[in-house]
Structures are given as structure tokens and as C-alpha cells.
Amino acid sequence: VVDSAGDIDLARVDMVKGDVIVIDVNGLEGNGTVLRIFNSAGTVLLFDDDSGTSLDPEGILAAPFALSLFIGITGEGNEIYDPLDGSDTTAGTTGD
């Protein structure tokens, strides 16, 4: 739940070669959310803001080899945070 300005929700997912992850974020009406998926070095592998016709991000990612992914969901406007140390957060939209 992105419930305060600058809030970042991160989750770790361990994948093996060939695994596919599908993420569909359902936010509150009118509050944009942003999805970013990182590798363990903090490199962005997927970014999505406002897919399709809604304000809700979504993404599909296949693992070319075994790896750990970090899924980050934030309010719109807080897209540049550093997933390794939480720096560079900015106030973004919030919601439950």
C-alpha cells in the first residue's frame, strides 16, 4: 500500500531460468502508480506508468537465467528512487 508521500513498496522474487512473472497493479481511481522491476544491482529492467487506458501499471518479465528481482511500486511522481538505499524519494500520489 502506497500510503504516504515518498512511500516505496518493494518485494523480492527469486526466479529460475524460464520463469515468467506477470504483474498487474490495481490502484485507486485517479491516483497513478508506477511499477519498476530491478535486478539485484538496482538496474531497472522494466518501467511502467499508465499502461493501456488506465492509470494502473502492468508488466511481464521472463527470466533468461536464475536471478532475484525486486518489484517496486510507488505513487506517480516518485519514479527515480534508488532501490538499494531508498535515496532520491520524492512526494508522489498516495492511495490504499
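From the N terminus on, the elements of the protein chain run β-β-β-β-β-β. The chain has six strands and zero helices; both are DSSP runs numbered from the N terminus, helices being H or I with at least four residues and strands E with at least two. The model is predicted: local features need pLDDT of at least 70, side-chain atom pairs count only at pLDDT 80 or more, and totals for chains, interfaces and linings use all residues. Residues are numbered from 1 along each chain as its sequence is written, and side-chain values use heavy atoms, with hydrogens and water left out.

Of the 96 residues in the protein chain, 34% are buried. Buried means under 20% relative accessible area, exposed over 50%, and partly exposed in between (1.4 Å probe, protein chains only). The accessible surface of the chain comes to about 5,300 Å² (Shrake-Rupley method, 1.4 Å probe; for residues, only the protein chains shown count as cover). Carbon and sulfur atoms hold 52% of that surface. Among contacts (heavy atoms within 4.5 Å) with a separation of 6 or more, 68% join residues 24 or more positions apart.

In soluble globular proteins, nonpolar side chains tend to be buried together. The largest nonpolar core here has twelve residues, including Met15, Ile23, Leu35, Leu46 and Ile71. Such a core is a set of buried Ala, Val, Leu, Ile, Met, Phe, Trp, Tyr and Cys residues joined through side-chain atoms within 4.5 Å. Strands β2, β3 (33–38) and β6 (67–75) each give two or more residues to this core. The largest share, three residues, comes from β6. Leaving aside neighbours within four places in sequence, leucine 35 contacts Ile23, Leu46 and Ile71, among others.

Valine 16 lies in the loop between β1 (8–15) and β2. Not counting residues up to four places away in sequence, valine 16 touches Ala63, Phe65 and Ala66. Its C-alpha atom is 8.7 Å from that of serine 68, 52 residues apart along the chain.

Valine 22, in strand β2 (residues 20–24), counts as exposed because its relative accessibility is 60%.

The count comes to one salt bridge (a side-chain nitrogen of Lys or Arg within 4 Å of a carboxyl oxygen of Asp or Glu). Arginine 12 pairs with aspartate 14, the closest N and O atoms being 2.9 Å apart. Arginine 12 is exposed at 55% relative accessibility, and aspartate 14 is exposed at 53%.
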